Amino acid sequence: MTYLFAALTLFLLAATGISFLRISHGFVRVFSFPRLQILAIAMILAILAIWLLAWPAREWIVGGLLVVAGTQLACIAQFSPLRSRQSKRYEGDPNGPDTVSVISSNVKMSNRRYQDAIDMVRREEPEIALFMEVDEGWAKALEPLGETMPHVVSRPLDNSYGMIVYSRLELSDVRIETLVMDDVPSIIARVRLRSGHDFRLYCIHPEPPVPYADSAGRDAELIEVARLVGEDDLPAIVCGDLNDVAWSHTTRHFQRMSRLLDPRVGRGFYNTFDARYPLLRWPLDHLFHNARFDLVAMKRLPHIGSDHFPMLFKLALTRSADGADYPAAADENDREECRDIVEDAAQLDRKAIGTDWEK
């Protein structure tokens, strides 16, 4: 019994330590994902060790498990009520002309519950609906949404990176970019609110980190989007399945470089993946926004057959960013690491990880 607890404790300590390595590889990056699960396992094992083991092994094992639990808790505590909220709550008219609601939904390419996706949009009535992993079948099936959302940007693909945006609001300066990896598109558009004010929308879906390949493509795409946001005069919203957890080192870089806010900070995790397995979930579907936006509402929507839950965000564009709780600004170490990430991605000589890899 003692040897089993010792082995499990060493494994959890190793998994926790690996998650902090600055190595752009899926084998390393995936250890940042299950922090909630590792925390829960460490606490359960600590309680069992106190009950089942004898001194002195009990003290060493429980001590190691508490180190694991404390480290994991420190990484995710910002998404609990212990942390002040990063996005301010909007105090004005929740349906005013400066508000915008966005649904972000990774539909899973092999999923064919088309009508569920259409019913979701008609029920929630967002101004903007982003769909990811759409192929030609999905593109055709979603066409009825164009009756009430006439502004459409569509790039269906059969490699799990297809993307479609439907909008009730006017879109201009629309670009479909491959920022890092070939056949991994991002949609960038200028959006005009009903008030006449504009903002920039960035819809992205970078590669997933998998244990057998590097994560340079995903990491570099997040850095590249942060750079574009930083150079843009318009207030920005970035949304999509970022294939990264909200507490990761890469997301930290993204926020420091872009200075965008995360509405989940201080409010909750809003775990969206994997929708099929309640005990194996973490937040992969994100929206980050300029500090001129305040949060009106945010919720996870019901399952529509994908391995991701859709998310609904509603924001309001305000006149100023006074009082914003900005993430820390990037320092020279951050900028140097980001340059290294981009340079590593430029050397890649492989196709994007894809073709419905989660199937």
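## Overall size and fold

The chain has a radius of gyration of 21 Å, taken over C-alpha atoms, which agrees with the value near 21 Å for a compact globule of 359 residues. That rule is 2.2 Å times the number of residues to the power 0.38. Along the principal axes, the C-alpha trace spans about 70 × 45 × 40 Å.

This is a predicted model, where local features need pLDDT of at least 70, side-chain atom pairs count only at pLDDT 80 or more, and totals for chains, interfaces and linings use all residues. Residues are numbered from 1 along each chain as its sequence is written, and side-chain values use heavy atoms, with hydrogens and water left out.

You will find nine helices and eleven strands in the chain; these are DSSP runs numbered from the N terminus (helices H or I, at least four residues; strands E, at least two).

## Burial and contacts

Of the 359 residues, 56% count as buried (buried is under 20% relative accessible area, exposed over 50%, partly exposed in between, with a 1.4 Å probe and protein chains only). Among contacts (heavy atoms within 4.5 Å) with a separation of 6 or more, 71% come from residues 24 or more positions apart.

## A look at Tyr212

Tyr212 sits in the loop between strand 7 (198-203) and helix 7 (216-231). Its relative accessible area is 63%, so Tyr212 is exposed. Leaving out residues up to four places away in sequence, Tyr212 touches His25 and Ile353. Asp119 is 93 residues from Tyr212 along the chain, and their C-alpha atoms are separated by 38 Å.
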